[in-house]
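Please open the structure in your viewer and keep the selection panel at hand.

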Amino acid sequence: MKRRLLIADDEKNIRVGLKAMIERQYPARYEFSFADNGAEALAVLARESVDLMITDIRMPVMDGIELMERLQELPERPAVVILSGYDDFPYAKAAIRYQAKEYMLKPIVREELFSVLERMETELGRRSEQRGGSAPQPAARAAADQLAYVLLQESADEREIRERLAQAGLEWLDGEYAVGLLKETGGASGRQAMLSGLDRLLEGEAFWGRCQDREGLTVVVARDPAFFARLLERMAGHALFQPRIGLSSRIKGMERLRLAYSQARQALKYFLLHAEGGIVAYDSIRSLDSGCPVPEDKIRKISNLMGSNRLPEMKRLLQQVLDIRTIARCEIGYLETVGRKLNEEVFDRVFRSYGEESIEILKLYKQAGHFDNFARFHDYYRHVEQLMERLDEYVGRVRSAHAERTDMQKALEYIHEHFQQDLNMAVVSNYISLNYTYFSQAFKEYTGESFSAYLRKLRLAKAKELLEHTELKVYEISSQAGFDCVKHFTRVFKEAEGISPLEYRSRRQFRGRGPS
């Protein structure tokens with residue numbers, strides 16, 4: 001069965017070129033649809049099922065970011081690859097926020113495109129497996145549908161919950177029960193094997209039900225708390241699926257099903273700290289310290305040391321920030337907060353100040369932002385360390401290249417030659433090939449004042465020179481000094497000198513005549 005691929009780009013040659021490249025490599029894999037803006041893409045999605053969408057970021061009518069935002073409203077969303085001609089970190093971050101699976105830069109490199117499509121094929125296969133698995137009997141399917149509805153529809157009240165679960169034959173949930181959340185460790189093949197074999201493994205068991213959550217994880221409810229130990233034992237002989245089970249406390253009452261599910265989700269997070277599969281019970285982690293102080297000072301020091309050729313010191317600080325002994329005794333929210341702080345105060349700060357070096361670093365950054373991307377804490381630690389090393393090298397290289405500040409002298413020369421024109425910091429930073437934010441900081445360090453203050457002072461000096469030595473009208477002086485309009489010039493002049501331009505000229509001329 002062919003997959004439906006939608007290409008959204010306002011440049012026809014891009015749409016046609018992508019189709020040609022993809023068809024040559026995969027002659028029978030895709031059926032194509034096209035759109036030249038986000039609004040047209042939404043129209044396509046409304047009338048046909050689309051598996052994969054490649055969309056440009058910058059398009060008329062509706063751009064790619066707005067399109068991705070609107071996708072969140074659809075019941076069925078395609079996997080999305082973002083395409084952009086701008087190596088622009090804010091756009092990439094927005095794409096990540098709306099769950100884009102890949103981010104590619106124009107011009108398209110064939111090998112990168114094919115690698116992306118192969119990864120997307122794996123992702124689409126995983127989605128199919130999550131929706132597939134063994135075909136349950138009608139009663140089991142009804143129970144799964146009602147369980148999923150109750151877990152995922154937070155607006156459902158107690159009365160609706162009771163009606164739905166009772167209709168599905170789950171009235172036993174009014175007694176005591178537990179919820180387990182299963183995550184296999186064998187990849188896509190393990191997930192498929194688990195879904196296909198779960199019902200068979202549990203043949204003969206009573207008072208249980210299962211469904212899938214939004215992330216494709218298997219949710220199992222059971223009246224007998226020993227149920228999950230038996231399940232794990234029966235799965236032990238299967239090499240393909242070795243699940244990890246996050247287990248809730250014993251809960252009583254249908255209306256508390258979502259609470260039990262949230263406990264199971266919380267417990268499942270702790271497998272980051274456990275190398276092996278098995279069961280982590282919520283009761284075993286609920287007493288962990290929830291008041292562990294976040295080492296914000298050490299995180300701030302790592303940020304300040306970026307690019308200073310002190311990588312060993314940074315690594316020592318990272319060891320202290322991610323000390324497994326502290327993490328093991330603290331509630332998992334501590335580690336989540338530390339991870340978020342590292343992202344925001346170290347990695348984000350580098351991107352804001354220096355721009356992103358490459359899309360490869362951006363991909364490292366994207367992966368570091370989600371603990372679900374890692375099977376073990378060690379993998380997460382090494383990934384963060386690698387990202388820190390790459391960014392430290394990059395920042396050091398940028399600083400070294402501009403250490404002599406010849407770039408700032410070049411910027412000043414450009415400003416003095418072009419201050420009469422429509423000049424701003426973006427124009428000058430682009431002229432000397434420096435990131436906008438980094439240029440702003442470097443300029444202030446070099447001159448002792450901000451770009452806008454420096455430019456305003458230069459223009460006022462030129463205006464005063466013209467007022468003193470020419471008979472030009474005020475609006476002519478305003479224009480020659482680089483101000484956008486005479487009203488703005490008059491206001492700025494008066495703020496700086498305390499008097500209007502005409503008063504300034506009058507006083508200077510009076511002084512020039514002297515006593516008769």
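In which strand does R244 lie? Select residues 244-247: this is strand β9, and R244 lies in it. Strands (E, at least two residues) and helices (H or I, at least four residues) are DSSP runs, numbered from the N terminus. The model is predicted, so local features need pLDDT of at least 70 and side-chain atom pairs count only at pLDDT 80 or more, while totals for chains, interfaces and linings use all residues. Residues are numbered from 1 along each chain as its sequence is written, and side-chain values use heavy atoms, with hydrogens and water left out.

Stay with R244, which is buried at a relative accessible area of 10% (buried means under 20%, with a 1.4 Å probe and protein chains only).

Next, display the open sheet of 5 strands, ordered β2-β1-β3-β4-β5 with parallel pairing (two strands pair if DSSP finds at least two bridges between them). Select β2 (30-35) and β5 (102-105) at the edges; each has a single partner strand, so one side of each is left without a neighbour in the sheet. From one strand to the next, the twist averages 20 degrees.

Now select β1 (residues 3-8) and β3 (residues 52-56), which run parallel and are joined by 4 bridges. A8 has T55 in β3 as its bridge partner.

Finally, select helix α1 (residues 12-25), which lies across β1, β2, β3 and β4 (79-84) and runs at about 175 degrees to β2. Angles run from 0 to 180 degrees between N-to-C directions, and axes are lines fitted to C-alpha atoms, for helices over the stretch in contact (heavy atoms within 4.5 Å).

Technical notes. Buried < 20%, exposed > 50% of the residue type's maximum accessible area, 1.4 Å probe, protein only.
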